[in-house]
Amino acid sequence: MSDHPGDPLIDGPHDPLDDEDGTLAESSAGCAWAVVGLAAASAVALPRAAYSIEGGFESHARDWSVILFELPLVLLAGSALPPLIWTAARRRLPGWAAGLVCMAALALGLWGLTLVWHPRQEPDPGYGPGI
């Protein structure tokens with residue numbers, strides 16, 4: 001037997017739901033920020049990429065680089081950056097301030113995405129005006 005407090009032989013097994021230091025709440029908030037970031041990135045990116053996915057008339061203008069490369073990277077960034085920002089901000093700030101920092105960073109990231117990323121939005125320019 002040990003004289004150390006917290007010894008599992010004396011105190012019994014540790015209950016993972018017994019959260020006295022708040023780590024469960026913080027990690028749950030990080031997961032929630034990942035879901036919020038993925039939903040926000042999807043709401044912005046999927047309508048912008050819809051024409052590249054559908055491809056217009058007979059899928060002639062389908063853009064595989066948007067489908068296989070750009071859109072997955074946007075969604076990955078949307079789900080990965082908010083929890084990373086939350087974790088970094090939470091080290092120095094209280095929870096409510098870290099949440100504001102995360103929300104502002106997510107808004108700035110989505111604004112930057114709309115400024116930089118321009119997948120094709122209309123038919124191929126080779127099409128003429130018709131007869």
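How are α2 and α4 oriented to each other, roughly parallel or roughly antiparallel? In this predicted model, select helix α2, residues 23–54, together with helix α4, residues 95–116, and look along the pair, whose axes come within 11 Å and cross at roughly 15°. Because angles under 35 degrees count as roughly parallel, α2 and α4 are roughly parallel to each other. The crossing of these two helices, α2 and α4, is right-handed.

Next, show the side chains where the two helices meet. On the α2 side, select W33, V36, G37, A40, A41, V44 and R48, which meet G99, C102, M103, L106, L110, L113 and T114 of α4.

A polar atom of the S42 side chain lies 2.8 Å from the backbone oxygen of L38. If residues up to four places away in sequence are set aside, S42 touches P47 and L75.

Finally, colour the chain by pLDDT, for which the mean is 79, with 72% of the residues reaching 70 or more. Among the elements of the chain, α4 has the highest mean pLDDT, 91, whereas helix α1, residues 8–11, has the lowest, 54. Where pLDDT is low, the predicted coordinates should not be read in detail.

Terms used. Residues are numbered from 1 along each chain as its sequence is written. This is a predicted model: local features need pLDDT of at least 70, side-chain atom pairs count only at pLDDT 80 or more; totals for chains, interfaces and linings use all residues. Side-chain values use heavy atoms; hydrogens and water are left out. Axes are lines fitted to C-alpha atoms, for helices over the stretch in contact, and angles run from 0 to 180 degrees between N-to-C directions. Helices (H or I, at least four residues) and strands (E, at least two) are DSSP runs, numbered from the N terminus. Angles under 35 degrees count as roughly parallel, over 145 as roughly antiparallel, 65 to 115 as roughly perpendicular and the rest as oblique. A crossing is left-handed if the near helix is turned anticlockwise from the far one by less than a right angle, and right-handed if clockwise. Contact means heavy atoms within 4.5 Å. A polar contact is a pair of N or O atoms within 3.5 Å; within protein, one must be able to donate a hydrogen and the other to accept it, and residues adjacent in sequence count only if both atoms are side-chain atoms. pLDDT is the predictor's confidence in each residue, from 0 to 100.
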